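Please read the points below with the model open beside you. They are meant as a colleague's notes on where to look.

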Amino acid sequence: MFSKILVANRGEIALRIIRACKEMGVRTVAVYSAADQNSPHVHLADEAVCIGAAPSSQSYLNIPAIISAAEITDVDALHPGYGFLAENAHFAEICESCQIKFIGPSPAAIRSMGDKMAARETMRKIGVPIVPGTQEAIRDKDEALRIAKKIKYPVIIKAAAGGGGRGMRVCHNEVRLVSALMTAQHEADTAFGNSAVYIEKYIEKPKHIEFQILADSHGNMVHLYERDCTIQRRHQKLLEEAPSPSVDWKLRKKMGDMAIKAARAVNYVNAGTIEFLLDDTGKFYFLEMNTRIQVEHGITELVTGVDIVKEQIRIASGEKLGIRKQDKIPLRGHAIECRINAEDPANDFAPSPGRIERYNMPGGPGVRVDSHAYAGYTVLPYYDSMIGKLMAHGRNRNEAISILQRALDEFIIEPIKTTIPIHKEILRNPLFRRSQMYTDFIQAVMGEWMDKMAAERVMPQLVAKER
Ligand code: MV4
């Protein structure tokens, strides 16, 4: 086992990794930007090194500064968390060349899944279902038109170097396709330095289902079942649950086998996630693989009892998986996570940074909160707006919802605006209750919520009476 690990991240995930290390008797080194001096990860780690100014480009993305911090503190491994450098194959390579074990997959595995189009081709070759569409980058508009005609409209244009919904465009007819193609290529070039785009059949009202994979360096690989991440807004997940209410045991077995097959195709080692789209007829398609620990890993931990971060560390140090037989992985009850972001739902989810004056964290049976916030903490404008994750674990979905509702009522974060009110609205929505969410679900819930808010402003007495 390692004796010291550098945590190359901030916020709640840095805390999560430090907690795992502490329980395993591994010392930790935090790195932080000048703006993060008062962040809990800095104080909870055994050592801390300032790596640069507030902007990520000068700190959490600053490879020379992070490697220097690792060398100075003499760590034997580095955990990248999610975001920042977590899926940077070049960074993983540099770590390796400096004798610092990168706690994640090999640079080759990161690279082969980083090109979404290449990943698609890999899956096609081994018989993992992919959405009908192109195998290679679109060369010109005639090729695009020909393919769209073959797979039929609507189609979706995606960037090869994109992923997570960045640079996607839906087209319902030929005219839109031609104009969308040009803008998509241009955008992909500016955003990723790679203009390659491909076309897929647009699947209407799909569910976003992802399988958690764990693989060790001895060839053992299991999945920890699936998470349902259908509730997103502009490709940002808002609420996730495990297991998916849309997946029965027969489908779970089929999708799980395919997820393992997909990960084996790139000799995957460590924790990773295989994303699928599930259509309303029960057909599923490989979307992409995330080669990192994900924000929503906690709900899988709640229903399986597996500590995914500890497993990552053990795997990286050469140990075998704790559970190596697929049919020995427990699945107990139901867990749901609400992402608590410092954003104003009433103002198009605009970031709402600032000092938290009042903070009350929920607790009690079935509640887990992963957060770095506290009363007096200032949410910074430089980084992503997530200030924590509220998770509930119940015997079944309805119990998880009830726990979550009362926990959301306990959760006080003032005066900054957060996503707490919209989560309360999602949880009481009849479609959510019946697990009939779909792609534009948040748009619909938001519409109703806005109307309600407007009504309360205009005629507060009337709305109060109705309740
Ligand atoms: C799609 C799609 C429909 N057809 N691909 C990919 C990344 C993820 N953030 C959303 N993605 C989608 N890819 C094809 N061929 C629809 C989405 C999509 C979506 C999927 C599931 C749940 C919510 C969604 C919200 C927007 C877009």
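The numbered points take up the domains, the cavities, a pocket and a helix pair in turn.

1. As a caution for everything that follows, this is a predicted model, and the values given here are computed from it.

2. The domain assignment divides the protein into domain 1 (4–103), domain 2 (132–201) and domain 3 (207–453).

3. From which domains does the lining of the second largest cavity draw at least three residues each? Domain 1 (4–103) and domain 3 (207–453) each supply at least three, and the lining of this second largest cavity as a whole counts 6 nonpolar, 6 polar and 1 charged residues.

4. Turning to the pockets, the second largest pocket has a volume of about 330 Å³, and among the 18 residues that line it, I416, K417, T418, I420 and P421 are the closest to its centre. Two or more lining residues come from each of β22 (412–414), α13 (420–428) and α15 (441–458), with α13 giving the most, namely 4 residues. Sorted by class, the lining of the second largest pocket holds 12 nonpolar, 1 polar and 5 charged residues.

5. A helix pair also deserves a look, and two packed helices are described by the angle between their axes and the distance between the axes. For helix α6 (residues 116–126) and helix α9 (residues 249–265), the packing angle is about 115° and the axes are 10 Å apart, while the crossing of α6 past α9 is right-handed.

6. Which residues of α6 and α9 meet in this pair? On the α6 side they are T122, M123 and I126, and on the α9 side K261, A262 and A265. By class, the contact of α6 with α9 consists of 4 nonpolar, 1 polar and 1 charged residues.

How values were computed. Residues are numbered from 1 along each chain as its sequence is written. This is a predicted model: local features need pLDDT of at least 70, side-chain atom pairs count only at pLDDT 80 or more; totals for chains, interfaces and linings use all residues. Side-chain values use heavy atoms; hydrogens and water are left out. On a 1 Å grid over the protein atoms alone, a cavity is a set of points where a 1.4 Å probe fits but cannot get out, and a pocket is an open set with protein on both sides within 12 Å along at least five of seven lines; lining residues have an atom within 4 Å of a point. Grid points are joined across faces, edges and corners, and a volume is the space filled by probe spheres set on the points. Ala, Val, Leu, Ile, Met, Phe, Trp, Tyr, Cys and Pro count as nonpolar, Asp, Glu, Lys and Arg as charged, and the others, Gly among them, as polar. Axes are lines fitted to C-alpha atoms, for helices over the stretch in contact, and angles run from 0 to 180 degrees between N-to-C directions. A crossing is left-handed if the near helix is turned anticlockwise from the far one by less than a right angle, and right-handed if clockwise. Contact means heavy atoms within 4.5 Å. Domain bounds come from an automatic or database domain assignment.
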